[in-house]
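Subject: Structure handover

Hello,

I am passing this structure on to you. Please open it and keep it beside this email as you read.

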Amino acid sequence: MEVKELEVPTEIIENTAHINALENEAIYILREVAAQFEKPVLLFSGGKDSITLVRLAQKAFWPAKIPFPLMHIDTGHNFPETIEFRDRLVKELGLELIVRNVQDSIDQGKVKEESGRYSSRNSLQTTTLLDAIEEFKFDACIGGARRDEEKARAKERIFSVRDDFGQWDERNQRPELFDMLNGQIELGQNVRVFPISNWTELDVWSYIKDEGIEIPSIYFAHKRKTFLRDGMIWSAEDGIVFRDEDEVVEERMVRFRTVGDMSCTAAVLSDAISIDKVVAEIRDSSISERGARIDDKRSEAAMEKRKQQGYF
Amino acid sequence: MEVLKIATAGSVDDGKSTLIGRILYDTKSLTSDKLEAIERTSKQKGYDYLDFSLATDGLVAEREQGITIDVAHIYFSTAKKSYIIADTPGHVEYTRNMVTGASTSQAAIILIDARKGVIEQTNRHFFINNLLRIKEVVVAINKMDLVDFSEERYNEIKADFEKLMEKRDYADQKITFVPVSALKGDNVVNKSANTPWYKGETLLEHLEGLDLAAVSNVGTPRFPVQYVIRPKTEEHHDFRGFAGKVYGGELSVGDEVIALPSQTRSRIKEIYVYDKKYKTASRRSSVTITLEDEINLSRGDMLVKANDLPTIEKQFTATISWMDSKPLTAGNKYVVQHGVNKVLAKVDQVHHKIAPDYSGVDAEAQSLDMNDIAEVSFRLNKPIFYDKFKNHRTNGSFILIDTQSNNTVGAGFIS
């Protein structure tokens with residue numbers, strides 16, 4: 001076997017910079033998951049947060065491979081660019097990808113498709129997710145949720161224990177002290193793990209920039225056929241959002257700040273065609289990321305309610 | 001840019017959430033959609049001012065009752081620093097959440113209602129910050145607008161608090177007083193014209209000026225092995241790396257280390273972060289270390305510098321903050337999680353219960369109820385490698401896990 005020449009290291013790894021500290025914390029959390037659980041899985045949507053998680057997991061276990069599979073709960077309403085990106089990433093890194101489809105849950109009669117103007121498959125994901133957890137007996141599901149996204153998220157622990165119905169009991173969470181993460185659970189329970197809890201949207205973008213991480217093209221400004229509704233810009237290209245006749249289609253220069261289900265993710269006007277411009281745009285933005293997510297606007301407590309039902 | 005973690009403490013209605021909302025508002029950290037939501041809801045509720053607590057109280061029950069139930073984490077940054085604020089509840093029954101929020105913080109803000117002054121709860125808040133050895137404490141005397149911005153009242157409260165400071169056992173703590181009105185915005189981010197007698201910094205100015213290295217408890221290097229990395233691939237056939245986080249000090253290539261518990265000696269061969277090699281790993285960095293010799297090391301074992309051993313013992317005495325409805329009693333068994341290491345422990349003796357309002361100790365106590373704090377000694381089924389909490393915040397702390405419910409039921413500080 002070829003013996004690699006040992007280059008003399010000169011650098012000191014330090015942890016004083018904010019983004020560095022966050023990376024070190026996330027790597028520590030991912031290693032805890034691999035060590036404390038029998039069957040972890042990384043919930044992968046193809047969005048920037050889960051892409052960041054994959055990079056952090058690569059770092060945590062190098063030179064070994066990431067010791068858990070990725071799982072995508074596919075609503076069937078994904079941006080085609082995201083799916084294309086997902087498949088390429090998995091192939092390049094030699095990872096295992098599990099896909100479970102919301103359409104199957106609908107066909108099996110387990111969930112009912114919403115109807116009307118604001119119908120979305122976003123909340124239907126919960127059933128498909130819980131079924132998949134049971135099918136594979138996953139005891140830990142790693143997710144890219146951040147506490148700055150939404151105020152119910154801000155209350156959730158890094159190791160968030162869910163009962164066998166996947167439910168979050170927000171009033172009875174385990175205290176999380178110091179760096180110590182308690183992953184002891186009973187059979188049937190599972191833990192949702194959020195390694196980038198303490199990151200903000202800007203932190204994620206800065207990290208993607210610093211690390212040179214590739215992301216789906218819809219995050220960058222592009223011309224798209226769109227229409228306006230309730231002051232938000234919706235994609236008219238994919239036929240997912242039901243459009244009224246009086247809602248006029250126009251081509252606009254837009255990008256997506258968050259890549260959820262197409263039915264509940266609006267675009268923003270932007271000319272940020274590079275990662276530098278995206279970071280600058282986020283830094284100067286006066287609107288929060290979830291401002292473009294219609295599912296959170298259903299009520300003050302939309303996210304809290306979904307989480308109580310088992311949403312990740 | 002550095003990140004400063006801050007815990008807040010105050011009683012119900014002292015205005016913690018309002019203070020945080022005010023900081024976010026005055027530093028322009030609230031996005032326009034969040035601000036609109038606050039304006040809308042404040043109006044719906046018929047308030048004649050903006051209810052900033054709506055920015056942080058995220059749960060339905062919290063908004064209904066107008067109180068904070070659980071720790072919320074709030075993020076904002078200025079040109080100088082990034083901040084994470086753990087907004088912890090002030091209710092007496094939520095002491096456990098206060099300990100939780102304070103456990104990862106380097107600084108704390110204790111709120112006092114200027115009308116009420118130092119109350120029993122203030123003692124408790126100060127006690128917990130002292131117990132957790134938080135180096136930097138800001139006492140924000142709030143609602144100054146309701147006492148006509150009286151300098152006399154401010155001095156009175158300050159003098160009362162200084163009397164309280166005589167009771168603490170951690171004297172290195174730095175305490176700063178600021179008169180504020182969170183609701184009106186006096187001395188929070190911007191200097192107030194209403195307090196011409198106050199010559200100090202505003203709350204945020206003070207936090208901006210803190211030197212992070214100075215407010216962190218460092219301790220000597222400890223490297224608990226979190227995960228053993230053995231790729232077993234063609235390219236890295238013989239790679240055997242020990243992944244973990246460096247606690248305290250720093251570790252460098254070439255350092256002579258001792259592996260615990262085997263007490264085998266070796267030297268650090270390489271330090272990796274991802275595929276990049278480093279000479280030195282400083283405090284709190286998550287790295288992978290390889291050694292010059294083949295040593296059997298697994299999760300929970302520890303690497304330390306050869307001239308600096310921790311205590312290696314099957315017993316210890318610790319201050320316990322009890323967090324469960326099921327009491328802790330002598331003879332009970334728990335899992336002690338010390339860093340990433342888990343051992344079985346038996347409660348040997350409850351020495352005495354400490355009243356967190358500084359009113360004294362109860363030497364007769366045999367068991368602990370939720371929110372009690374006490375000196376307890378434990379016997380373990382195998383030795384752990386610990387330091388005293390006062391010397392090493394990380395290697396001197398642990399959590400207790402109930403063997404049946406698996407819940408985290410207590411926090412411990414080794415004495």
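First, the ground rules. This is a predicted model, in which local features need pLDDT of at least 70, side-chain atom pairs count only at pLDDT 80 or more, and totals for chains, interfaces and linings use all residues. Residues are numbered from 1 along each chain as its sequence is written, chains are lettered from A and ligands numbered from 1 in the order in which they are written, and side-chain values use heavy atoms, with hydrogens and water left out.

**Salt bridges**

Side chains of opposite charge can pair when their charged atoms come close. A salt bridge here is a side-chain nitrogen of Lys or Arg within 4 Å of a carboxyl oxygen of Asp or Glu. Over all chains, the search of the whole structure finds 41 of them.

One joins A:Arg257 to A:Glu201, with the closest N and O atoms 2.7 Å apart. This pair links distant parts of the chain, 56 residues apart: A:Arg257 sits in the loop between strand 10 (250-255) and strand 11 (268-269) of chain A, and A:Glu201 in helix 6 (residues 201-211) of chain A. Helices (H or I, at least four residues) and strands (E, at least two) are DSSP runs, numbered from the N terminus. Both A:Arg257 and A:Glu201 are buried. Buried means under 20% relative accessible area, exposed over 50%, and partly exposed in between (1.4 Å probe, protein chains only).

In chain B, B:Glu205 and B:Lys191 meet at 3.2 Å, N to O, in a salt bridge. B:Glu205 lies in helix 7 of chain B and B:Lys191 in the loop between strand 6 and helix 7, so the pair ties together parts 14 residues apart in sequence. B:Glu205 is partly exposed at 32%; B:Lys191 is exposed at 53%.

B:Lys163 and B:Asp160 also form a salt bridge (3.6 Å, N to O). Both lie in helix 6 (residues 151-165) of chain B, three residues apart, about one turn of the helix.

Back in chain A, salt bridges link A:Glu23, A:Arg55, A:Lys59 and A:Glu211 in a network.

**Surface charge**

Which residues gather in a patch of negative charge on the surface? They are B:Asp238, B:Glu292, B:Asp293 and B:Glu294. Patches take residues with over 30% relative accessible area and no salt bridge, joining like charges within 9 Å. Asp and Glu count as negative, and a charge is placed at CG of Asp or CD of Glu. Accessible areas come from the Shrake-Rupley method with a 1.4 Å probe. B:Asp238 is exposed, at 58% relative accessibility.

**A buried serine and its neighbour**

B:Ser181 has a relative accessible area of 0%, so it counts as buried. Its contacts (heavy atoms within 4.5 Å) include B:Asn142, B:Lys143 and B:Asp186, leaving aside residues up to four places away in sequence.

B:Lys143 is buried too, at 18%. Its phi is positive, about 60°, although it is not a glycine.

**Other backbone features**

Most residues other than glycine have a negative phi, and most peptide bonds are trans. B:Asn371 also has a positive phi, near 75°. The peptide bond from A:Trp62 to A:Pro63 is cis, with omega near 0°. Another cis bond joins B:Leu260 and B:Pro261, where omega is about 10°. B:Pro261 lies in the loop between strand 11 (256-260) and strand 12 (264-273) of chain B.

Best wishes

Methods. Patch = residues over 30% accessible without salt bridge, like charges linked within 9 Å, V, L, I, M, F, W, Y side chains within 5 Å.
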